[in-house]
Amino acid sequence: MPLDRVDGGTEKVKSSVRKRADAIKPFICKNLVAVIEAPSDVRNIGTVIRNVNALGCEKVYVVDPATALPDEWHQMREERALTRTSVSAVKWSFVKRFDSTDDCFDHLEVNNFHSVVTSPHIKGQKSIWLHEGDFTEHSKLAVWFGNEKRGISSRAVERSDACVSIPMFGMIESLNLATSSGIVLYEITKQRRAYQSVYRKGRGRSKRSEPLPTVMNREDAQK
Ligand SMILES: C[S@@+](CC[C@H](N)C(=O)[O-])C[C@H]1O[C@@H](n2cnc3c(N)ncnc32)[C@H](O)[C@@H]1O
């Protein structure tokens, strides 16, 4: 194939990627971070990154005491286990690793983030059902998900504002990381997009004259 045809093809792909990146920008929930605490299986990190990217959450933090991940995001983007399980979402959603739960909380708190943890069990001072929570109260919010076996740590519960549960109706104790992060982030991003559509920035800040759309129109969504 002549080189100019190949280059033309590459340019076409680049411009459609750019178009998509522009179209999704207004729908991304700024200052919303998903935190995965000490996951045992790197593949689960990939599945959460996929949910984060798909639902329009801004970033992923990973508490990674076992040093399963490289330090820098650009290195993570080369990790096969992450690119495969996240279907390349790791290339688009920023990921940062921390050595410990306290390091991650310190970083979040210095940057004025509030945290909520998730668990199928009642934990801490304030336990709420997902559908009863108001997740627009704080302009900067981190949502924590626990280890596959141990669940969320008592230290994370201690340093967070509330523990959020998805109601369970079966005989089993809990959902897996991919499913629970999908359900929780769906509800939270939906609430925060609705809020962002009405208010310019932060709670009680000026109301927009016209609310922004909260979903992409169907033609743009299919591009
Ligand atoms: C497989 S579960 C961990 C089960 C663990 N035995 C426990 O006690 O939490 C992994 C993570 O998914 C999330 N999760 C699972 N089911 C949930 C539910 N019903 N409500 C909220 N979060 C849930 C929590 O973050 C939990 O730490």
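Tutor: Gladly. This is a predicted model. Helix α2 has 14 residues and reaches 20 Å from its first C-alpha to its last, close to the 20 Å expected at 1.5 Å a residue.

Student: Is α2 enclosed or open, and how many of its residues are buried?

Tutor: The general idea comes first. A residue is called buried if 20 or more other C-beta atoms lie within 10 Å of its own, and exposed if 12 or fewer do. In this structure 10 of the 14 residues of α2 are buried, so the helix is largely enclosed by the rest of the structure. Among them are I45, V48, I49, V52 and L55, and the buried list also includes R50, N51 and N53.

Student: Which elements do the buried residues of α2 pack against?

Tutor: They pack against strands β1, β2, β3 and β6, and also against helices α4 (80–85) and α7 (177–198).

Student: What should I know about strands before I look at the sheet?

Tutor: Strands of a sheet pair through backbone hydrogen bonds, either parallel or antiparallel. Here there is an open sheet of seven strands with parallel pairing, in the order β3-β2-β1-β6-β4-β7-β5. At its edges are β3 (94–98) and β5 (127–129), each of which pairs on one side only. On average, neighbouring strands of this sheet are turned by 30 degrees against each other, direction ignored.

Student: Where does α2 sit relative to that sheet?

Tutor: Helix α2 (residues 42–55) packs on the sheet and touches β1 (29–37), β2 (57–63), β3 and β6 (141–145). The direction of α2 makes about 160 degrees with that of β2.

Student: Can we look at individual strand pairs?

Tutor: Let's take two. β1 and β2 pair in the parallel sense over six bridges, with E37 standing opposite V63 in β2. β2 is also mostly covered, as five of its seven residues are buried. For the other pair, three bridges join β5 to the parallel strand β7 (residues 162–165), and S127 stands opposite C163 in β7.

Student: Which residues have a positive phi although they are not glycines?

Tutor: N31 has a positive phi of about 60 degrees and lies in strand β1. N31 counts as partly exposed because it has 17 C-beta neighbours inside 10 Å. T67 has a positive phi of about 50 degrees and belongs to the loop between β2 and α3 (73–76). With 9 other C-beta atoms within 10 Å, T67 is exposed. There is also a glycine to look at: just after α2, G56 takes a positive phi of about 80 degrees.

Student: Finally, which residues come nearest to the ligand?

Tutor: Of the 18 residues around the ligand, T118, P120, G146, G151 and S180 come nearest.

Notes: Residues numbered from 1 in each chain as written. Predicted model: local features only at pLDDT ≥ 70, side-chain atom pairs only at ≥ 80, totals over all residues. Near = placed C-beta within 6 Å. Pairing = 2+ DSSP bridges. Helix = DSSP H or I, 4+ residues; strand = E, 2+ residues; numbered from the N terminus. Axes fitted to C-alpha atoms, helices over the stretch in contact; angles between N-to-C directions. Contact = placed C-beta atoms within 7 Å. Expected span 1.5 Å × (residues − 1).
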